[in-house]
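Trainee: I would like to learn how to read a structure like this one. Could you take me through the features one at a time?

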Amino acid sequence: MAKSGGKRKKKVETVFLVCEETGDYNYTIRRKPGGEKLKLKRYSPRLRKHTLHVEKKK
């Protein structure tokens with residue numbers, strides 16, 4: 001009996017977290033497609049404080 005030895009591709013996409021105040025691409029994350037856009041508080045090195053970051057694709 002033959003096994004299917006092929007690797008499966010996981011359905012994951014790379015998205016960027018962009019600072020709302022400066023527009024800088026500070027973080028990249030890998031997540032499953034679909035669902036709502038992420039809005040997270042993350043550290044902005046340029047402003048040296050935590051700001052709201054939103055998800056943006058390439």
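**Reading the sheet and its salt bridges**

Trainee: In strand 4, which residue is the bridge partner of Leu17?

Mentor: The bridge partner of Leu17 in strand 4 is Glu55. A word on the source: this is a predicted model, where local features need pLDDT of at least 70 and side-chain atom pairs count only at pLDDT 80 or more, while totals for chains, interfaces and linings use all residues. Residues are numbered from 1 along each chain as its sequence is written, and side-chain values use heavy atoms, with hydrogens and water left out.

Trainee: How many bridges pair strand 1 with strand 4, and in which sense?

Mentor: The general idea comes first. Strands of a sheet pair through backbone hydrogen bonds, either parallel or antiparallel. Strands are DSSP runs of E, at least two residues, numbered from the N terminus. Two strands pair if DSSP finds at least two bridges between them. Here, strand 1 (residues 13–19) and strand 4 (residues 49–56) pair in the antiparallel sense over 4 bridges. Val18 also has its bridge partner in strand 4, and that is Val54.

Trainee: In what order do the strands form the sheet?

Mentor: The order is 2-1-4-3. These 4 strands form an open sheet with antiparallel pairing. Strand 2 (25–31) and strand 3 (39–44) each have a single partner strand, so one side of each is left without a neighbour in the sheet. Neighbouring strands are turned by 40 degrees against each other on average, direction ignored (axes are lines fitted to C-alpha atoms, and angles run from 0 to 180 degrees between N-to-C directions).

Trainee: How many bridges join strand 3 and strand 4?

Mentor: Strand 3 and strand 4 pair over 6 bridges, in the antiparallel sense. Leu40 stands opposite His53 in strand 4. The hairpin of these two strands has 4 residues between them. There, Arg48 takes a positive phi near 55 degrees.

Trainee: How many salt bridges does the structure hold?

Mentor: The structure holds 3. A salt bridge is a side-chain nitrogen of Lys or Arg within 4 Å of a carboxyl oxygen of Asp or Glu. One of them joins Glu13 and Lys57 (3.9 Å, N to O). Glu13 lies in strand 1 and Lys57 in the segment after strand 4, so the pair ties together parts that are 44 residues apart in sequence.

Trainee: Which residue meets Asp24 in a salt bridge?

Mentor: Arg46 does, at 3.1 Å, N to O. Asp24 is in the loop between strand 1 and strand 2, and Arg46 in the loop between strand 3 and strand 4, 22 residues apart.

Trainee: Is Arg46 buried or exposed?

Mentor: Use the cut-offs. Buried means under 20% relative accessible area, exposed over 50%, and partly exposed in between (1.4 Å probe, protein chains only). Arg46 has 58% relative accessibility, so Arg46 counts as exposed. Asp24 has 18%, so Asp24 is buried.

Trainee: Which residue forms a salt bridge with Arg31?

Mentor: Glu55 does, with the closest N and O atoms 2.4 Å apart. Arg31 lies in strand 2 and Glu55 in strand 4, so the pair ties together parts 24 residues apart in sequence. Both Arg31 and Glu55 are buried.
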